[in-house]
Amino acid sequence: MAGENGAEGGSGLSIHPMDQFIVKPLFGDGPVGMFTVTNVTLWLALAVGCVALLMVIATRGRNIVPSRGQSVAELAYGFIYKMVEDVSGRDGLKYFPYIMTLFLFIVFANFLGLIPMSFTTTSHIAVTAVLALAVFLTVMVLGFVKNGAAFLGLFWVSSAPLALRPVLAIIELISFFVRPVSHSIRLAGNIMAGHAVLKVFAGFAAVTAVAPLAIIGMVGVYALEVLVAFIQAYVFTILTCVYLKDALHPGH
Amino acid sequence: MEGDIANMGQFIGAGLAAIGSGAAAIGVGHVAGNFLSGALRNPSAAAAQTATLFIGIAFAEALGIFSFLVALLLMFAV
């Protein structure tokens with residue numbers, strides 16, 4: 001089914017664009033169980049390791065004049081701090097560590113996925129859904145703990161005409177519960193689509209007649225993917241901030 | 001030509017679902033274009049609205065990604 005996508009090479013060279021997303025056990029060929037160490041495990045661990053490397057090892061010196069690693073870490077810290085402050089307000093800063101963790105993890109998982117022959121963990125909805133569900137549950141629990149029943153004011157648009165409010169309540173309710181879906185699929189879909197496009201171009205590169213064009217195209221798409229990897233991490237984080245603002249200050 | 005009618009429907013459906021990606025592209029272009037036309041009128045206010053720009057783009061794009069997902073599901077999962 002749809003296997004002829006990347007098989008233009010003839011001569012037995014066939015690259016299926018979705019093959020790069022297959023979850024395989026790291027050791028041996030056994031079935032993938034709950035606790036099997038797979039390539040996903042490896043690259044998730046590498047992403048966490050890179051975050052630790054940047055935020056712990058690189059900033060260890062605490063120099064007044066920062067080293068290269070330290071200035072990157074400081075830049076990231078300042079960037080996210082300002083974002084949380086701008087979008088969620090000052091009382092959102094209490095949740096800054098969580099948002100910083102999310103951003104760094106996603107940005108490193110995305111960038112590690114761009115290394116050729118690596119595995120892109122964020123292209124799997126299983127990974128992003130956990131991140132999005134964690135945000136969703138945090139927002140829900142936080143909203144009810146902070147505001148009690150007043151959190152339901154999020155669905156009751158008090159500025160609208162009275163006759164319109166039940167209709168708007170239904171729309172708001174649907175849009176609230178679709179949030180974890182769109183939040184996770186946006187990240188996974190963008191990353192997966194980009195990597196699949198790269199593989200399709202790679203399949204074209206096997207045909208001698210169009211190879212130079214395909215390679216130029218790949219360079220362009222790769223540059224775009226570097227941009228997308230950062231922007232999607234940014235978008236995920238900023239939407240987390242927006243949802244957090246809803247939890248802290250419901251009502252319109 | 002071989003294969004059954006269900007396969008054909010699958011491919012046609014996936015192709016139709018891909019139209020949604022184009023529609024999302026229109027939406028994203030609309031957001032970015034309107035941001036730019038506003039930003040050029042009042043450049044000093046533009047920097048503060050970049051976050052809003054990205055949120056708007058993200059919302060417009062999400063639905064396109066949904067249609068992409070439907071196409072993928074039709075191709076590989078059904």
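Visitor: Is A:Arg62 buried or exposed, and why?
Guide: A:Arg62 counts as exposed, because it has 7 C-beta neighbours inside 10 Å, and the cut-off for exposed is 12 or fewer. Bear in mind that this is a predicted model.

Visitor: Where is A:Arg62 found?
Guide: A:Arg62 is in the loop of chain A between helix H1 (39-57) and helix H2 (68-88).

Visitor: OK, next one. Where is A:Met117 found?
Guide: A:Met117 belongs to the loop between helix H3 (96-113) and helix H4 (125-147) of chain A. Its phi is positive, about 70°, although A:Met117 is not a glycine.

Visitor: Is A:Met117 buried or exposed?
Guide: Exposed: A:Met117 has 5 C-beta neighbours inside 10 Å.

Visitor: Switching to the chains. How many residues of chain A are in contact with chain B?
Guide: On chain A there are 16, and they are in contact with twelve residues of chain B.

Visitor: Which elements of chain A give two or more residues to that side?
Guide: H2, helix H6 (179-204) and helix H7 (211-248) of chain A do. H6(A) gives the most, with six residues.

Visitor: How do the residues on that side divide into nonpolar, polar and charged?
Guide: On the side of chain A that touches chain B, eleven are nonpolar, three are polar and two are charged.

Conventions:
Residues numbered from 1 in each chain as written. Chains lettered and ligands numbered in written order. Predicted model: local features only at pLDDT ≥ 70, side-chain atom pairs only at ≥ 80, totals over all residues. Helix = DSSP H or I, 4+ residues; strand = E, 2+ residues; numbered from the N terminus. Buried ≥ 20, exposed ≤ 12 C-beta atoms within 10 Å, placed from the backbone. Contact = placed C-beta atoms within 7 Å. Nonpolar A, V, L, I, M, F, W, Y, C, P; charged D, E, K, R; others polar.
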